[in-house]
Amino acid sequence: CQMICSIAKKGTVMPSDARIRIRRAGGIDTQYAVVCQHCAEPVCVSACMRGIIDKDPGTGVVSRRTEDCFACAACRVMCPVGAVTYDRDQEAFVTCDLCGGDPVCVKVCPTQALRFEDVHQASLDLRSKYAQNLLNPTEGGVN
């Protein structure tokens with residue numbers, strides 16, 4: 001996913017330039033993706049000294065006007081998941097922009113470990129599953 005992200009964003013295979021990071025936890029077999037979560041109340045927006053980070057109220061996507069970034073790193077320091085990376089070519093801090101709503105990393109993931117879901121629908125699905133587990137504890141695995 002890092003390779004395809006770097007190709008999509010930079011036109012070259014350079015995983016260090018990707019906007020998604022793969023980290024290891026606890027051992028070589030445990031890996032997880034670090035990517036912008038487009039938080040409900042993103043602290044990067046309020047941390048930005050230039051006011052160039054915005055959250056679209058309709059889509060929930062956090063975006064940046066990188067041409068106005070002066071690389072102070074306040075957004076990077078405040079990001080609770082560590083998803084902010086520095087783009088050397090743009091001389092700006094960047095995050096995943098979801099490829100305009102069609103993330104290439106999700107499309108090419110061979111194990112389908114990455115998903116792109118509507119946050120509202122995913123929340124409804126989780127609540128529904130939780131309610132079903134409460135109503136049918138033996139079927140849902142909850143005792």
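Colleague: Which residue's side chain meets Lys10 in a salt bridge?

Modeller: Asp89 does, with 2.6 Å from N to O in this predicted model.

Colleague: Where do Lys10 and Asp89 lie?

Modeller: Lys10 lies in helix 1, while Asp89 is in the loop between strand 5 and strand 6 (92–94), so the pair ties together parts that are 79 residues apart in sequence. Lys10 counts as partly exposed at 23% relative accessibility, and Asp89 counts as exposed at 63%.

Colleague: How many salt bridges does the count come to?

Modeller: Seven. One of them joins Asp97 and Arg19, with the closest N and O atoms 3.8 Å apart. Asp97 sits in the loop between strand 6 and helix 4 (104–108) and Arg19 in the loop between helix 1 and strand 1 (21–24), so this pair ties together parts that are 78 residues apart in sequence.

Colleague: Is Arg19 buried or exposed?

Modeller: Buried, with a relative accessible area of 12%. Asp97 is partly exposed at 31%.

Colleague: Which residues are linked with Arg19 in a network of salt bridges?

Modeller: Lys9 and Asp97.

Colleague: Changing topic, which residues make the nonpolar surface patch of about 270 Å²?

Modeller: Met3, Ile7 and Val13 make that patch. Ile7 is found in helix 1 (residues 2–10) and is partly exposed, with a relative accessible area of 39%.

Colleague: And where does Cys79 lie?

Modeller: In the loop between helix 3 (74–78) and strand 5 (85–87). Cys79 counts as buried because its relative accessible area is 18%, under the 20% limit. The C-alpha atoms of Cys79 and Val43 are separated by 6.7 Å, although these residues are 36 apart along the chain.

Terms used:
Residues are numbered from 1 along each chain as its sequence is written. This is a predicted model: local features need pLDDT of at least 70, side-chain atom pairs count only at pLDDT 80 or more; totals for chains, interfaces and linings use all residues. Side-chain values use heavy atoms; hydrogens and water are left out. Patches are made of residues with over 30% relative accessible area and no salt bridge: like charges are joined within 9 Å, nonpolar side chains (Val, Leu, Ile, Met, Phe, Trp, Tyr) within 5 Å. Accessible areas come from the Shrake-Rupley method with a 1.4 Å probe; for residues, only the protein chains shown count as cover. A salt bridge is a side-chain nitrogen of Lys or Arg within 4 Å of a carboxyl oxygen of Asp or Glu. Helices (H or I, at least four residues) and strands (E, at least two) are DSSP runs, numbered from the N terminus. Buried means under 20% relative accessible area, exposed over 50%, partly exposed in between (1.4 Å probe, protein chains only).
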